Structures are given as C-alpha cells and as structure tokens.
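Me: I would like to learn how to read a few features of a protein model. Please take them one at a time.

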Amino acid sequence: MPMPDDDLLRRAFDVADRALERGNHPFGAVLAGPDGEVLLEMENGYLPDGDMTGHAERLLATAACKAFEPEELAECTLYSSAEPCAMCAGAIYWAGIGRVVYGLSEARLKEITGNHPENPTLSLPCRTVFAAGQRPTEVVGPLLEDEAAELHEGVWD
C-alpha cells in the first residue's frame, strides 16, 4: 500500500532539516515509486562549493536519470520541501518524472527569503514550466505549507 503524500512530503522535510543541520540551505527532495517505496533522497547541495545550481530537486533528477529507466520515472513522484524552481522543474521534466508534490510555494518562499543573494527566488510557478512541455507532469501543492515554512525560520535573516 502506498504511503500517503503527507508522509512522503514530511520525509522530504526531514531531508531538508538534515541539510540545514549540515550547514546547507533547508531544501530536500525524495523520489518514490508508484508503490510509495522511497527510491532516492537528496539534500540541497549549495555547499561546500557554492554551487547555485545544487538544488535538491535538480540533483535528485540527475541521479534518477542515471538509476532508472524513463518508463519507471514516468510512474514516480518527486516530493519536494519547496516548489521546484524553473531550473528544477526543467530538470524534472527532462528526467521524465511523472508527478511532483511540494510543500512551500515559490511565492511564499520569496516572501521568506526576500532578495537574499544565496536564493534570489524566481516568480515562475513550476506548473507554468511543466505546461510548456510536451508530456504531462502532475503537480500537487502547496501541501503542508506552514510546516514547510518552519524549515526556513531564521535561515534567511
């Protein structure tokens, strides 16, 4: 029996919290198969190199492409602590991951981070990016948004 979206999303929150404990930005992503089995987890990878493209979702999409066939990824769900940015949504699309569930919306993240130099948030919803593609990507979110926002308390001050 598949795990409910809430449980798997909270697992992405745990991964984000782990990233923060290790000195990184509090973002995390989890890839689950159609049965709810967790296949991959990825933390934000900004540090140690200052890689501005080291977002958890992009890193997970890259790892997923290397580990699974496109037919498998089409049946998978990526759970993200925050809405995938335009770059990450593009990576998810190109990886062929069929479904995304996220916690914190891009709009609310922007309210929290402001114009922080380490997170100059784009105002471009992932649904807009996916809608420009040639294959469908189901999107659920924001979900548990207040819990997701708590991960960022005091981080961007």
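Me: Where is Asp49 found?

Reply: This is a predicted model. In it, Asp49 sits in the loop between strand E2 (38-43) and H2.

Me: Is Asp49 buried or exposed?

Reply: The cut-off for exposed is over 50% relative accessible area. Asp49 has 69%, and is therefore exposed.

Me: How far apart are Asp49 and Glu83 in sequence and in space?

Reply: They are 34 residues apart in sequence, and their C-alpha atoms are 23 Å apart in space.

Me: How do I read the backbone, and which peptide bond is cis in the loop that holds Pro48?

Reply: Most peptide bonds are trans, and most residues other than glycine have a negative phi. Here the bond from Leu47 to Pro48 is cis, with omega near 15 degrees. Pro48 belongs to the loop between E2 and H2.

Me: What is the peptide bond from Gly141 to Pro142?

Reply: That bond is cis, with omega near 0 degrees. Pro142 lies in the loop between strand E5 (138-140) and helix H7 (145-150). Leu144 is also placed between E5 and H7, and its phi is positive, near 55 degrees, in a residue other than glycine.

Me: How do H2 and H4 pack?

Reply: Two packed helices are described by the angle between their axes and the distance between the axes. For helix H2 (residues 56-67) and helix H4 (residues 86-95), the angle is about 15 degrees and the axes are 8 Å apart. Angles under 35 degrees count as roughly parallel, so H2 and H4 are roughly parallel to each other. Their crossing is left-handed.

Me: Which residues in H2 meet H4?

Reply: From H2 come Glu57, Arg58, Ala61 and Cys65, which meet Met87, Cys88, Ala91, Ile92 and Ala95 in H4. By class, this contact has seven nonpolar residues, two charged and no polar ones.

Me: How many residues has the largest nonpolar core?

Reply: In soluble globular proteins, nonpolar side chains tend to be buried together. The largest such core here has 22 residues, and those with the most contacts inside it are Leu31, Leu60, Leu73, Ile97 and Phe130. Strand E1 (28-32), H2, H4, strand E4 (99-104) and helix H6 (126-131) each give two or more residues to this core. H4 supplies the largest share, five residues.

Me: What does Ile97 touch?

Reply: Leaving aside residues up to four places away in sequence, Ile97 touches Leu31, Leu60, Ala61, Leu73, Cys76, Thr77, Leu78, Ile92 and Thr137. A second, separate core has 19 residues, including Ala12, Ala16, Val101 and Leu144.

Conventions: Residues are numbered from 1 along each chain as its sequence is written. This is a predicted model: local features need pLDDT of at least 70, side-chain atom pairs count only at pLDDT 80 or more; totals for chains, interfaces and linings use all residues. Side-chain values use heavy atoms; hydrogens and water are left out. Axes are lines fitted to C-alpha atoms, for helices over the stretch in contact, and angles run from 0 to 180 degrees between N-to-C directions. Helices (H or I, at least four residues) and strands (E, at least two) are DSSP runs, numbered from the N terminus. Angles under 35 degrees count as roughly parallel, over 145 as roughly antiparallel, 65 to 115 as roughly perpendicular and the rest as oblique. A crossing is left-handed if the near helix is turned anticlockwise from the far one by less than a right angle, and right-handed if clockwise. Contact means heavy atoms within 4.5 Å. Ala, Val, Leu, Ile, Met, Phe, Trp, Tyr, Cys and Pro count as nonpolar, Asp, Glu, Lys and Arg as charged, and the others, Gly among them, as polar. A nonpolar core is a set of buried Ala, Val, Leu, Ile, Met, Phe, Trp, Tyr and Cys residues joined through side-chain atoms within 4.5 Å. Buried means under 20% relative accessible area, exposed over 50%, partly exposed in between (1.4 Å probe, protein chains only).
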